[in-house]
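Biologist: I'm new to this one. Can you put the model up and walk me through the aromatic rings?
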Amino acid sequence: MSSDAVPNAQSVFADADIAPTLDSGELSRLIAYGTPELIAPGDVIFSAGDPASELIVIEEGVVELFVPATPDAPAEVVAVHGPGRFLGELNLLTGQRAYLTARALEAGRIHRIGPEGFRELMSADPDLSDVLLRSFLARRQLLRDGAAARSLEIVGSLVSSSSLALRTYVARQLLPHLWFDADSFEGRAFMRAAGLRGADLPAVVTQGHVMRRATPGELAQELGLSYHRPTQRAIDVAIVGAGPAGLAAAVYAASEGLATVILEGASAGGQAALSSRIENYPGFPSGLSGLELTSRTAIQALKFGAELSVPCQVVRLSTEDQNLRLELADGTAVDARTVVIATGAHYRKLPLDRWADFEGAGIYYAATELEARACASDPVVVVGGANSAGQAALFLAARGMPVTLAVRGTDIESGMSSYLVDRLLASTSIDVRTQTEVSGLHGNGSLDAVTLRRGPTGVQTRVD
């Protein structure tokens with residue numbers, strides 16, 4: 001059992017960030033955006049699974065937040081808030097359905113701030129906006145590490161590409177969740193409790209709903225993260241692709257007050273999100289992970305009112321009257337005055353027998369914590385001679401894996417930053433092989449070994 005949380009050295013929040021108490025002036029400014037409502041003990045303010053459409057501000061009374069019972073655990077209280085506090089987390093920006101249920105413990109008065117008031121607040125009051133945003137981020141981190149992770153439970157196989165797709169999606173969306181390996185004792189117990197069989201995997205259990213043979217798209221629909229737009233008004237800017245370029249465009253467009261949507265076919269962050277460490281990005285001298293960089297940019301865009309839909313595949317672009325029209329894979333039409341295409345790169349696949357058989361079961365297109373756990377301490381081969389390959393080799397070697405870096409070119413200096421070259425050549429855990437290609441794959445259910453061929457000599461060696 002694992003939360004699949006991505007380590008983040010800079011995600012350290014104080015209690016005051018998680019549960020700030022507003023002073024009288026801040027409280028007055030905040031409730032001015034909302035609608036008052038009296039509450040009595042036992043009143044349910046919102047339930048797990050409800051659309052997260054309102055920021056709740058407590059003027060008087062006490063409210064508890066709890067995780068409802070799941071097939072493998074009872075209900076559990078997460079927090080209790082009183083006067084001067086507010087209820088809400090990152091899902092107020094992302095549109096995700098609520099993880100928790102809020103119930104009044106004492107009589108009092110709350111204020112509900114709807115989507116329009118919330119957007120106005122985030123734009124017009126930067127001081128309150130900063131307090132809210134930091135609290136949302138702190139609470140999401142707390143939810144990912146705590147009992148709320150039980151609200152979204154995934155069970156699957158470590159050597160399944162469909163299971164890996166789900167794990168990658170929830171990790172890059174920063175979704176609180178628990179992962180169960182179907183071959184572990186905990187995984188088998190969870191499957192019995194949820195009434196699941198091997199043919200049902202990967203499966204997702206959320207708010208009492210069991211999703212069999214689940215996909216990222218189906219999970220997005222269940223959580224309220226798929227594309228939905230309540231009005232027919234044309235969008236000012238539609239951005240296809242949520243890599244660094246698309247997210248940056250969204251920040252600039254939304255911050256200028258333009259109605260902006262981001263449509264991403266796979267998972268937010270693009271190729272950059274799969275980088276274990278980026279050290280040459282301006283403003284971060286000590287470096288940071290690609291996921292952290294792209295997640296910050298996505299949240300920045302959402303703060304300004306952009307809408308992010310993932311996964312959301314665009315299949316056609318056409319003209320319609322004075323607007324451009326994007327057609328989604330499910331037939332939905334998205335009209336926009338401007339379309340920014342930032343679809344980025346596609347992963348190359350080697351022309352080898354059984355390549356598809358091993359995707360997600362030994363062949364990976366990234367080196368993050370998810371892939372590192374799947375590899376354990378086994379030898380790995382990293383194929384490529386650019387920065388992403390160098391970063392992957394260093395990341396995996398740092399976790400105790402013997403690494404072979406296979407580069408087709410005659411050297412690594414021509415395609416890689418100097419600082420990475422120096423670290424690779426200095427590492428005793430990394431074997432750099434130039435003029436080398438993968439020529440064979442071996443294994444049954446998962447990849448067990450590869451054959452490498454050196455170009456000038458044609459000599460082949462097997463790496464197990």
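Modeller: Ring pairs join Phe86, Phe118 and Phe136 into a cluster. Rings of Phe, Tyr and Trp (its six-membered ring) pair if their centres lie within 6.5 Å; planes under 30 degrees apart are stacked, over 60 edge-to-face, the rest tilted. This is a predicted model: local features need pLDDT of at least 70, side-chain atom pairs pLDDT 80 or more, while totals for chains, interfaces and linings use all residues. Residues are numbered from 1 along each chain as its sequence is written, and side-chain values use heavy atoms, without hydrogens and water.

Biologist: How many aromatic pairs are there in the whole structure?
Modeller: The search finds five. One of them is Phe86 with Phe136, edge-to-face, 6.4 Å centre to centre and 85° between the planes.

Biologist: Which parts does that pair tie together?
Modeller: Phe86 is in strand β5 (residues 86–87) and Phe136 in helix α5 (residues 126–145), so the pair links parts 50 residues apart in sequence. Helices (H or I, at least four residues) and strands (E, at least two) are DSSP runs, numbered from the N terminus.

Biologist: Are Phe86 and Phe136 buried or exposed?
Modeller: Both are buried. That means under 20% relative accessible area; exposed is over 50%, partly exposed in between (1.4 Å probe, protein chains only).

Biologist: New topic. How covered is strand β11?
Modeller: Mostly: six of its six residues, 235–240, are buried.

Biologist: And which strands pair with β11?
Modeller: Strand β16 (residues 333–341) does, parallel, over five bridges. Strand β12 (residues 260–263) does too, parallel, over four bridges. Pairing takes at least two DSSP bridges between two strands.
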